[in-house]
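Subject: Structure handover

Hello,

Here is the structure I promised to pass on. Please open it first, then read my notes below.

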Amino acid sequence: MCGIVGYIGKKSALPILMEGLKRMEYRGYDSAGIALISNGKLIIRKQKGKVADLENKLLDGEPLPEAHIGMGHTRWATHGEPNDINAHPHIDCRNEIAVVHNGIIENYLALKTKLLQRGHHFVSTTDTEIVAHLIEEIYKSTPNLFEAVRLAMKQVTGTYGLVVLSSHEPDKIVVARMGSPLILGIGEGENIVAADAAAIIEHTRQVVYLGDGEVAELTADNVTIKTLNDVKITKVVDELTFDLEQIEKGGFPHFMLKEIHEQSESIENALRGRLLEEEGNVRLGGLDNVVEKIEHAPRLIFAACGTSWHAALIGEYMLEQYAQIPVEVEYASEFRYRNPILKKDDVVVLISQSGETADTLAALREAKAKGATVIGICNVVGSSIARESDGGVYIHAGPEIGVASTKAFTSQLTVLALLTILLARRKGMTREQGLELVHELKLLPEKVKAILSDTKQIEYIAGEFKEMKNFLYLGRGYNFPVALEGALKLKEISYIHAEGYPAAEMKHGPIALIDEKMPVVCIAPFDRTYDKIMSNIQEVKARRGRVIAIVNDGEKNIGQLADYLISVPPTLDLFSPILSVIPLQLLAYYIAVARGANVDQPRNLAKSVTVE
Ligand code: G6P
């Protein structure tokens, strides 16, 4: 969702801002803009469309004067349609104060009414524009940008990652955060602020994560941070750990394909240093202080969104089967608002690739407020959920840029498997059983490699089915959530309607849809539901449905029924989703490519959903 970048220093600001915006394109957006201050004047350029459109506009127009301070924004529309006027930055009445914003100002109508009475003039239909006018109003009596922003944000309710410039104070950038991430990159003689570390890494590795309710002033040489209540604070400087090449495509046509192919390595990274091979056990250092609580919890509640929610469903199956701990899985967006019953000893586990999803973060805070212990399973190091959890496990998948999550999913499953072994061993699983699980986990990266070594059959099937309008995905047991995930991948990037179902539920509705135009993807590995899903495939075939079956190497029976087979190596039932999802990721990818879709920037979607 909205990308934000701001720069102040010795270098020319514009190229840094444009590069930063490009690095954040993957987050999802529909318009882009920049603001510079040069010779004491604000210069704004913005427009609907892509960063490349903005770049062309800049090239076509008069060259912009040199500037050493500026900010850029990519907007994902919430209030007001995506157009040139609603694009950020937004300015005050006198074109002296400019703001860019990620989030939602909830009391904007009330504030706007007051500001209209004070004679302010609005041009856009955004919630953001009121912030520029509110600061303008306060600046009249408090002519200090840092202070004016602080006072303004005290009047605002909602969420924001905000960057403000004033032509009266061309030597500073003021930023504020409530719920939407902002990272301050600390350079030498320059400072940079961004919503995403991807826009900072080229300039510095030293970062400070701004917290909620904090306001900061950045000059070229200094960063001052205060709370909204005017208390000065000192924060630790963290170091970014990923490399530039991890956020580049490395020869692949799309980030999504690159990340699908990284899965052998990313699973290996999720396991690294965590397996106790002799003991048939695992070590998860981030849970040391909470593991007893988890072990004795009457139940675990997983809260997540999107693909992470699918991972949670599989985690439920793993933990209930092996660790005998009752688990409930909740959509974070529902959990946060439905006043859930939380008992003192319940443990809430938040699963989030980004660690910034607004609903998941709010679910964490709701759970904390009710006294529960909260655990984060995140990818992005230093993200809000990671920081606010009582304990947690990083999945170490490396930056995931593709909007459709792939490697994060398999790494989340790997970490959930580790968590299962840890808890199961504490609750009575024998060393022998532990050894079997640990041994099989270790084999997964090689098995993933085998699946990825030849993807021609999947590409071929994609070509055969690319014109279809609907797809059904069926799975049972551990592979029911994989059916949901396969359908989600296809929807997200190819815009084909797809639904996932537990295979047996097909008879309670979806079977009415089946004919030769309804491809059915059945996930049918050798597991305890194998015979059952074979019957479901028969039912589909009896109605002339076309079946693509994901099976295990060595499969003999389904080949006689299904139209197409995609084979993956066998593994233990609980790890099977880690392998069976990979062909589904590839199928969605190749269908989308065959349909000419822009896989890395799917329409209307955002990578990190930082508004509710
Ligand atoms: C967005 C992304 C999905 C992701 C979901 C949850 O919708 O496009 O790929 O699964 O958010 O994100 P999280 O970062 O919390 O895992």
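Predicted model: local features only at pLDDT ≥ 70, side-chain atom pairs only at ≥ 80, totals over all residues.

Start with Thr-128, in the loop between helix H3 (108-117) and helix H4 (129-141). Is Thr-128 buried or exposed? Thr-128 counts as buried because its relative accessibility is 1%, and the cut-off for buried is under 20%. Its contacts, leaving aside neighbours within four places in sequence, are His-88, His-90, Val-99 and His-101.

Val-99 leads on to the next stop, Val-163. Val-163 sits in strand E7 (residues 158-166). Val-163 and Val-99 are 64 residues apart in sequence, yet 5.7 Å apart in space, C-alpha to C-alpha. Val-163 has 0% relative accessibility, so Val-163 counts as buried. What is Val-163 in contact with, leaving aside its neighbours within four places in sequence? The list is Ile-4, Met-71, Ala-98, Val-99, Val-100, Ile-173, Val-174, Val-175 and Val-193.

Now helix H1, residues 13-23. Its buried residues are Ala-13, Ile-16, Leu-17, Met-18, Gly-20, Leu-21 and Arg-23. In an α-helix there are 3.6 residues a turn, so residues three or four places apart point the same way. Keep that in mind when you look along H1. Which elements cover the buried residues of H1? The cover includes strand E1 (3-9), strand E2 (31-38), helix H2 (51-60), strand E4 (69-75) and strand E10 (190-194).

Next, strand E21, residues 373-378. How many of its six residues are buried? The count is six of the six, so E21 is largely enclosed by the rest of the structure. Side chains in a regular strand alternate between the two faces of the sheet. In E21, Thr-373, Ile-375 and Ile-377 are buried on one side. Val-374, Gly-376 and Cys-378 are buried on the other. Both faces are covered.

E21 also has strand partners. Strand E20 (residues 347-352) pairs with E21 in the parallel sense, over six bridges. Val-349 stands opposite Ile-375 there. Strand E22 (residues 391-394) runs parallel to E21 and is joined to E21 by four bridges. In that pairing, Val-393 of E22 is the bridge partner of Ile-377.

E18, helix H9 (residues 306-323) and E19 make it up. Strand E18 (residues 300-304) and strand E19 (residues 327-331) pair in the parallel sense, with five bridges. Glu-328 in E19 is the bridge partner of Ile-301.

- Thr-307: a polar backbone atom is 3.0 Å from an oxygen atom of the ligand.
- Ser-352: an N or O atom in the side chain is 2.6 Å from an oxygen atom of the ligand.
- Thr-357: a polar side-chain atom lies 2.5 Å from an oxygen atom of the ligand.

Then the cysteines. How many disulfides does the structure hold? The number is zero. Cys-2 is in no disulfide, and the nearest cysteine sulfur, that of Cys-305, is 17 Å away. Cys-305 is in no disulfide either; for Cys-305 the nearest cysteine sulfur is that of Cys-378, 12 Å away. Accessibility is on record for two of these. Cys-2 counts as buried because its relative accessibility is 5%. Cys-305 counts as partly exposed because its relative accessibility is 25%.

One last stop: Thr-571. Thr-571 lies in the loop between strand E27 (564-568) and helix H18 (576-594). Thr-571 counts as buried because its relative accessibility is 18%, and buried means under 20%. What does the side chain of Thr-571 make a polar contact with? The partner is the side chain of Glu-440, at 2.7 Å. Leaving aside neighbours within four places in sequence, Thr-571 is in contact with Glu-440, Leu-444, Lys-447, Ser-576 and Leu-579.

Over to you.

Best wishes

Conventions
Residues numbered from 1 in each chain as written. Heavy atoms only, no water. Buried < 20%, exposed > 50% of the residue type's maximum accessible area, 1.4 Å probe, protein only. Helix = DSSP H or I, 4+ residues; strand = E, 2+ residues; numbered from the N terminus. Contact = heavy atoms within 4.5 Å. Disulfide = S-S within 2.5 Å. Pairing = 2+ DSSP bridges. Right-handed = clockwise from strand over helix to strand, strands pointing away. Polar contact = N/O pair within 3.5 Å; in protein donor to acceptor, adjacent residues only side chain to side chain.
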